[in-house]
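This report describes one protein chain, beginning with a single residue and ending with the chain as a whole. Please look at the sequence and the structure before reading on.

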Amino acid sequence: MMAGSPFSMDHAPIIGAVERISDTVQAITAPNPSPMTFTGTRSYILGADTVALIDPGPMTEAHFNAISAALEGRTLEAIVVTHSHLDHSPLAARFRDRTGVGVYGCARDLAQQSEISLDINDVGGGEGIDHAFRADHELGDGQRIEGTGWALEAIHTPGHLSDHMCFSDGTHLFSGDHVMGWATSMISPPEGNLTAFMASLEKLQDRPEKRYFPGHGQVVEDGPAIVRHLTAHRRGRETQILHALAGGSADIATVTAQIYRDVDVTLHRAAARNVLAHIIDLFARGIVVAQGEFGVDAVFELTPN
């Protein structure tokens with residue numbers, strides 16, 4: 001357990017094995033562990049004899065075979081995707097081609113992102129996007145998908161990605177990468193949007209689900225507590241950035257090195273994306289300004305009083 005937070009690194013799944021996590025839900029962990037995916041992407045099967053597959057995962061033969069074995073003897077009724085990152089969505093097309101079952105998800109919508117983030121073309125934040133992903137059935141916020149013995153409510157939660165959705169089965173929340181139990185979600189411009197992410201956290205605060213099934217890591221037993229922590233954490237990061245700029249103008253790399261001094265430097269490039277997301281939000285709110293043209297390499301300072 002990380003000091004001062006509800007996060008836990010205590011997760012050691014058997015890769016490819018079927019893990020029953022509730023009476024109606026099973027999880028299978030993909031063989032793609034990394035510093036960004038933790039122990040690997042979690043795919044979920046909802047239902048009994050007739051099921052929905054949530055987040056089929058990355059394009060690996062081993063994971064495709066593990067899910068196929070778990071689906072043997074069952075009827076697949078829907079393929080559901082929380083968001084179109086390469087560790088979550090690629091196998092959706094393969095299962096659609098094999099079974100003829102439709103894929104449900106949200107369309108990416110760059111127009112919902114701030115003009116500022118869209119103008120930053122050199123940040124390189126889109127390398128993890130599955131550009132080939134297409135949903136057969138595009139879902140809106142609050143729409144329902146129903147099958148035989150199961151149902152899901154779609155909850156649009158942009159921020160990590162514009163098309164990110166969480167899904168509720170009425171008891172549990174499949175929270176994708178929006179809320180996880182091992183770490184905060186990465187917000188990487190140009191499409192990652194901190195303003196949208198915070199609004200999505202607020203949307204979840206009043207929901208009734210307590211147990212969350214995230215895209216990576218263990219089951220979150222108290223999802224609302226993690227939501228509160230994520231909100232406080234992001235506000236704390238904002239305070240740290242403002243404190244750093246109060247000491248003088250600085251670029252994003254300098255601010256990152258100062259506030260992430262206890263983090264392995266190999267992760268500073270990813271951390272800098274989060275700092276940039278905060279800077280974009282602060283710039284849009286008129287709290288910071290850029291010296292010269294706004295950009296990823298710009299020097300920033302607090303807006304003069």
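Histidine 88 is buried, because its relative accessible area is 0% and buried means under 20%. The model is a predicted one, and the values below are computed from it.

Where in the chain is histidine 88 placed? Histidine 88 is in the loop between β5 (75-80) and α2 (91-99). Leaving aside residues up to four places away in sequence, histidine 88 touches Thr41, Asp55, Pro56, Gly57, Pro58, Thr82, His83, Asp177, Gly215 and His216.

The next topic is the aromatic rings. The count of aromatic pairs comes to seven. One of them joins tyrosine 44 and phenylalanine 174, and this pair is edge-to-face. Tyrosine 44 is in strand β3 (residues 42-47) and phenylalanine 174 in strand β11 (residues 172-176), so the pair links distant parts of the chain, 130 residues apart. Both tyrosine 44 and phenylalanine 174 are buried.

Phenylalanine 174 also forms an edge-to-face pair with phenylalanine 213. Phenylalanine 213 lies in strand β12 (residues 211-214) while phenylalanine 174 lies in β11, so this pair ties together parts that are 39 residues apart in sequence. The table gives the geometry of these pairs.

| Aromatic pair | Centre to centre | Angle between planes |
|---|---|---|
| Tyrosine 44 and phenylalanine 174 | 5.4 Å | 70° |
| Phenylalanine 174 and phenylalanine 213 | 5.4 Å | 70° |

Is phenylalanine 213 buried or exposed? Phenylalanine 213 is buried, because its relative accessible area is 0%. Phenylalanine 174 counts as buried because its relative accessibility is 1%. Tyr44, Phe174 and Phe213 together form one aromatic cluster.

The last topic is the whole chain. The chain has seven helices and 15 strands. Its C-alpha trace spans about 65 × 40 × 35 Å along the principal axes. The radius of gyration of the chain is 20 Å, which agrees with the value near 19 Å that a compact globule of 305 residues would have.

Of the 305 residues in the chain, 55% are buried. The accessible surface of the chain comes to about 13200 Å², and 52% of this surface belongs to carbon and sulfur atoms. Among contacts between residues at least 6 apart in sequence, 64% join residues at least 24 apart.

Key
Residues are numbered from 1 along each chain as its sequence is written. This is a predicted model: local features need pLDDT of at least 70, side-chain atom pairs count only at pLDDT 80 or more; totals for chains, interfaces and linings use all residues. Side-chain values use heavy atoms; hydrogens and water are left out. Helices (H or I, at least four residues) and strands (E, at least two) are DSSP runs, numbered from the N terminus. The radius of gyration is taken over C-alpha atoms; the globule rule is 2.2 Å times the number of residues to the power 0.38. Buried means under 20% relative accessible area, exposed over 50%, partly exposed in between (1.4 Å probe, protein chains only). Contact means heavy atoms within 4.5 Å. Accessible areas come from the Shrake-Rupley method with a 1.4 Å probe; for residues, only the protein chains shown count as cover. Rings of Phe, Tyr and Trp (its six-membered ring) pair if their centres lie within 6.5 Å; planes under 30 degrees apart count as stacked, over 60 as edge-to-face and the rest as tilted.
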